[in-house]
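Have the sequence and the model open side by side.

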Amino acid sequence: MHYSPAYLHIPDGFLNLVISLIFWALTAVSVGFAISKTNKSLGEKQVPLMGVMAAFIFAAQMLNFPVAGGTSGHFLGGALAAIVLGPWAGILVMTAVIAVQALLFQDGGLLVMGANIFNMGILTAMIGFGLYRTVLTANKGVRVGVAGVAAWLSTVASALLTALQLWLSGTSRLEIVMPAMLGVHVLIGLGEAIITVAALAFIEQTRPDLLNAEKSAGQGGRGWIFAGVAVSLLAVLLSPLASADPDGLERVAEDFGFLEKGLSAPYNIIPDYTVPFLGETALSTIVAGVIGALVVLGLMILVGRSLRKSS
Amino acid sequence: MSLHANAFDRYHAADSRIHRLDPRVKVLVTALYILSNALLPDGAWLAFGAAWLVVLVANDLSSLGLWYTLRRSFLALPFALAAVSALFSPLGEPLAAFRFLWMDLAVTDFGILRFVSILVRSWLSVQMAILLVATTPFPDIIHALEHLRVPRILTTIIAFLYRYLFVLVDEVMRLLRAREARSAGLPGHRRGGSLFWRAQVAGSMAGQLFIRSYERSDRIYNAMLSRGYTGHIRTLNPHVMKPTDWRMLAFALAALVLIQLVGWIR
């Protein structure tokens, strides 16, 4: 039995510095929130539980099933983890899984790990738990069905975001990478959905106490519903547009002045992604990257603050 | 087909300068090295060459052999597919045009430069990461992350993940063996049900695995409590930075700065 790398794990070198840093900032803030939430709501007992659950996701990714012609379906597990453990614990578990995959197996890079965690851990938690949260009190069939749809959508959304990141980094042409990524993951997502549904149905049969509605509601507030529905809508609207008419998306980007150079993407605030008075040197690029990351970080903290106040 | 710890362990025990180096230095230098590669402009061949030289020197110092990381560095190759479309960048001079399905594509000189640069960056970065795990026991890497201010709850989860990975993978092996044992087939006849059915079986196995893991974590926690667990893990390895560690760190940083200079001054 050997470990086989999956397509969504981006290696180092495939995303440019700004995209990598922006997603590191987004991930750092989200994981920071997840840590403070789990520290508050859960005791020290949760730490061994989350560790073993992380090992579970890792091991479950080996449960492949033969599809056809030597290929096999794979399991990512982000949606399932968020549904069963709650979104915050799910994010921490997926972070640990992706970190170990990158550190130990070089499956996914280190500098791009922020993007990988965001795509496969945070986005999947938003869609997985967010959609599931809307039907908490419904009967078992509806809940499991929605979980399946959420699992499928989370896989597709991960692929969509990965393709966008590759495009914004100047690594791939949008009109090629988008239909390729979406096409593959629309199918892979079906496997993900069936496995998630079957796993949940099994847990529902043997340990229904783990999927208790009150327990799930306590794991993540109503804000998750909005986040989940909003992200899902965005993915559903953007996917057909992006795969059927990638030129359209590119044109939009051009209109907004994103694609000045075709490579260095959305940083017209900092022209050519360098700081003016420092000239076009590596130092200037670093400073520009750090400024970009700090801006995103600040925005995220503000958003988080206001969310905490309202809840 | 039971699995043992070494199947997942990438550590190669040896006694070398790199092995003896403080894990903090190794983690930090690896991260900075990858950052340095990301910073280099496209087509900075001299700097890329210098960066490869750094990997070779590190390989040599680690006593694993000069080509150790090279032999293991083709793992990220399948992902290179994603970068192939960079070849058709519209920015440069077209060199060769052809029609693929419904798209008109033209390979440009700029596109080739971009494509090769991406691959080289990725290939160099992966080599340093391989060397890190080959010369540092994984618990030491976790410990280094803790020293480098990664939140303790995360490092503890990672430590547990690593500790129980082997146990749960054995569990997966048992599940797979059980499925295999019940999947008899006659030659010439198709084995198993439809694709949907097969995926469903895999799902039930995932559910089964989940419940076994969940219940195991309960037992683990109780056992840990009975041995005095208070929420954080202690270690006997203090990890103190020695003068050689500082020297190696300074040496590596100087090399990286030099690479950047070579890459940007022309």
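Start with how an angle between helices is taken here: each axis is a line fitted to C-alpha atoms over the stretch in contact, and the angle runs from 0 to 180 degrees between N-to-C directions. Keep in mind that this is a predicted model.

Chain A comes first. Its secondary structure comes to eleven helices and two strands. Along the sequence the order is α-α-β-β-α-α-α-α-α-α-α-α-α. Of the 311 residues in chain A, 57% are buried. Now take the contacts in chain A between residues at least 6 apart in sequence. Of these, 73% join residues at least 24 apart.

Apply the angle to a pair inside chain A. Helix H2 of chain A covers residues 46–60, and helix H4 of chain A covers residues 87–105. Their axes come within 9 Å and cross at roughly 55°. An angle between 35 and 65 degrees counts as oblique, so H2(A) and H4(A) are oblique to each other. The crossing of these two helices is right-handed. On the H2(A) side, the contact is made by Gln46(A), Met50(A), Met53(A), Ala54(A), Ile57(A) and Phe58(A). H4(A) answers with Ala89(A), Leu92(A), Val93(A), Ala96(A) and Val97(A). By class, this contact has ten nonpolar residues, one polar and no charged.

H2(A) also packs against a helix of the other chain. Its partner there is H9(B), at an angle of about 150° and with the axes 9 Å apart. Angles over 145 degrees count as roughly antiparallel, and H2(A) and H9(B) are therefore roughly antiparallel to each other. This crossing, too, is right-handed. From H2(A), the residues that meet H9(B) include Pro48(A), Leu49(A), Val52(A), Met53(A) and Phe56(A). From H9(B), they include Leu209(B), Phe210(B), Arg216(B), Ile220(B) and Tyr221(B). The contact of H2(A) with H9(B) has 14 nonpolar residues, two polar and one charged. Met53(A) is listed in the contact with H4(A) and in the contact with H9(B).

Now step back to the whole interface. How many residues of chain B are in contact with chain A? There are 73, and they touch 70 residues of chain A. Several helices of chain B each supply at least two residues to this side, among them H2 (23–39), H6 (109–135), H8 (152–181) and H9 (195–226). The largest share, 22 residues, comes from H9(B). By class, the side of chain B that touches chain A has 52 nonpolar, 15 polar and six charged residues.

Return to chain A for helix H6, residues 140–168. This helix has 29 residues and reaches 41 Å from its first C-alpha to its last, close to the 42 Å expected. H6(A) is mostly covered, with 24 of its 29 residues buried. Just after H6(A), Gly170(A) takes a positive phi of about 75°.

End on one residue. Ser239(A) sits in helix H9 of chain A, residues 223–244. Is Ser239(A) buried or exposed? It has 20 other C-beta atoms within 10 Å, so Ser239(A) is buried. Beyond its neighbours within four places in sequence, Ser239(A) is in contact with Val156(A), Leu160(A) and Leu182(A). Pro179(A) is 60 residues away from Ser239(A) in sequence, yet their C-alpha atoms are 9.0 Å apart in space.

Key:
Residues numbered from 1 in each chain as written. Chains lettered and ligands numbered in written order. Predicted model: local features only at pLDDT ≥ 70, side-chain atom pairs only at ≥ 80, totals over all residues. Contact = placed C-beta atoms within 7 Å. Helix = DSSP H or I, 4+ residues; strand = E, 2+ residues; numbered from the N terminus. Nonpolar A, V, L, I, M, F, W, Y, C, P; charged D, E, K, R; others polar. Expected span 1.5 Å × (residues − 1). Buried ≥ 20, exposed ≤ 12 C-beta atoms within 10 Å, placed from the backbone. Parallel < 35°, antiparallel > 145°, perpendicular 65-115°, else oblique. Left-handed = near helix turned anticlockwise from the far one by under 90°.
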